[in-house]
Amino acid sequence: MKNYFSLIGLLVFTAIIIEIDLSSLIKILSKSNILFLFFSFLLNFLVLFIKSFRWRYILKNQDIFISQLEAYSIYSASAYFGIITPGRIGDFLRVFYLKKNYNIDIIRGLPSIIFDRIQDIYFLLFLFSVGIWKYNILGWFTNYFYVIILFIVFLPLNLFNENFSKKIILFILKAFTVKKYKSKIINNFDVFYDELEKAVNKKVFLIIGLTIFSHFIVFTQCYFITQALQIKIDYFTVILFYSITSIISFLPISISGIGTRDAALVYLFYLVGIQPELAVSFSLLIFIIIYLGVGLIGLVSSYNRPIKLDFKNF
């Protein structure tokens with residue numbers, strides 16, 4: 001049954017395409033500025049480089065050493081699998097790569113991926129909260145997002161309290177870890193936590209800085225797409241809209257945010273007085289330039305440096 005949840009997004013996308021003016025959509029896309037789209041695509045290489053460098057730096061904190069070229073290749077390949085899986089769970093391919101090629105146990109490899117993903121989710125969740133408040137999306141309940149924003153900002157400080165952080169992390173692992181590995185991770189939780197501490201403790205502000213920098217490049221990619229479509233919205237609005245749709249895209253009811261992102265952007269564009277055809281055009285080009293662009297780079301990386309993994313052995 002769970003496998004069918006990802007089809008919800010496709011059904012939503014189909015409904016949107018039926019409702020909008022398809023001829024207007026095609027006309028908008030046909031008039032898009034190719035140069036802006038090309039520059040947006042090229043920035044994918046820089047985003048992947050920065051994020052792979054961040055992951056390699058986290059691994060280095062754990063005394064796990066791989067080359068930047070290898071980090072780039074595996075990060076790109078895992079990003080490809082992340083794009084084609086609901087909730088981007090394919091990103092965790094990296095832990096199997098470390099197991100297969102470096103004999104790094106899952107208990108040691110998993111913390112680097114978790115911390116790496118938390119960086120992105122935390123930053124986007126903060127901007128998501130700002131966007132929800134700014135556009136009063138939840139009506140009277142939006143004011144409570146002041147409290148949520150403060151909670152998000154100060155939560156990392158609580159993680160320095162060992163007892164508190166252990167309880168939170170253990171709860172998350174019990175709730176979300178795949179059954180096959182749950183007992184192993186829980187039984188070796190102290191080792192897992194020690195590795196997570198290594199990943200987090202050394203020069204964490206550099207890692208945060210790399211996260212912010214990489215996301216602003218993605219925001220710039222999206223802004224280039226708005227310019228290609230001649231959409232009249234400012235850079236800050238692009239940041240908030242992309243952050244809101246990115247968080248929604250993490251829901252495991254679609255693949256690569258197809259449908260969920262489109263629906264969210266149609267609504268957000270409506271709030272600022274922009275027609276739904278432009279919203280869907282923007283969403284489609286995000287999918288093509290950023291998602292498929294990264295996927296293409298990842299696919300090439302996986303062919304140039306093939307990762308032979310037998311998942312049955314893990």
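1. A residue counts as buried when its relative accessible area is under 20%. L93 has 8% relative accessibility and is therefore buried. This residue belongs to helix α5, which covers residues 93-102. Which distance separates L93 from A79, C-alpha to C-alpha? The two are 8.9 Å apart in space and 14 residues apart in sequence.

2. The model is a predicted one, and the points below should be read with that in mind. The protein has 14 helices and zero strands. Followed along the sequence, the pattern is α-α-α-α-α-α-α-α-α-α-α-α-α-α. Of its 314 residues, 48% count as buried.

3. The pairing of helices α3 and α11 can be taken next. Helix α3 runs over residues 34-61, and its axis comes within 9 Å of that of α11, with a crossing at roughly 170°. Angles over 145 degrees count as roughly antiparallel, and α3 is therefore roughly antiparallel to α11. The crossing of these two helices is left-handed. What kinds of residue make up the contact of α3 with α11? There are 19 nonpolar, nine polar and two charged residues in the contact.

4. The axes of α3 and α4 come within 8 Å and cross at roughly 115°. The range for roughly perpendicular runs from 65 to 115 degrees, so α3 and α4 are roughly perpendicular to each other. In this case α3 passes α4 in a right-handed crossing, whereas the crossing of α3 and α11 is left-handed.

5. On aromatic side chains, a search of the whole structure finds 15 aromatic pairs. One of them joins F216 and F219: the ring centres are 5.3 Å apart and the planes stand at 80°, so this pair is edge-to-face. The cut-off behind that label is an angle over 60 degrees between the planes. Both residues lie in helix α11, which covers residues 204-228, and because they are three residues apart there, about one helical turn separates F216 from F219.

6. F219, with a relative accessible area of 0%, is buried. The ring of F219 pairs with that of Y242 as well: the centres are 6.0 Å apart and the planes are at 75°, so this pair is edge-to-face. F219 is in α11 and Y242 is in helix α12 (residues 235-249), so the pair ties together parts that are 23 residues apart in sequence. Both F219 and Y242 are buried. A cluster can also be described here: F123, F216, F219 and Y242 form one aromatic cluster.

7. Two arginines are placed over aromatic rings. R94 lies over the face of W55, at 5.1 Å from the ring centre. The charged end of R261 sits over the ring of Y291, 4.9 Å from the centre of that ring.

8. Two loop residues deserve a check of the backbone. With 47% relative accessibility, D63 counts as partly exposed. Q230 is not a glycine either, and has a positive phi of about 60°. Q230 is in the loop between α11 and α12. Its relative accessibility is 62%, so Q230 counts as exposed.

9. The last point concerns Y303, which is found in helix α14, residues 276-304. Is Y303 buried or exposed? At 63% relative accessibility, Y303 counts as exposed. How far apart are the C-alpha atoms of Y303 and S73? They are separated by 9.7 Å, while the two residues are 230 residues apart along the chain.

Methods: Residues numbered from 1 in each chain as written. Predicted model: local features only at pLDDT ≥ 70, side-chain atom pairs only at ≥ 80, totals over all residues. Heavy atoms only, no water. Phe/Tyr/Trp six-rings, centres within 6.5 Å; stacked < 30°, edge-to-face > 60°. Helix = DSSP H or I, 4+ residues; strand = E, 2+ residues; numbered from the N terminus. Buried < 20%, exposed > 50% of the residue type's maximum accessible area, 1.4 Å probe, protein only. Lys NZ or Arg CZ within 6 Å of the ring centre and 35° of its normal. Axes fitted to C-alpha atoms, helices over the stretch in contact; angles between N-to-C directions. Parallel < 35°, antiparallel > 145°, perpendicular 65-115°, else oblique. Left-handed = near helix turned anticlockwise from the far one by under 90°. Nonpolar A, V, L, I, M, F, W, Y, C, P; charged D, E, K, R; others polar.
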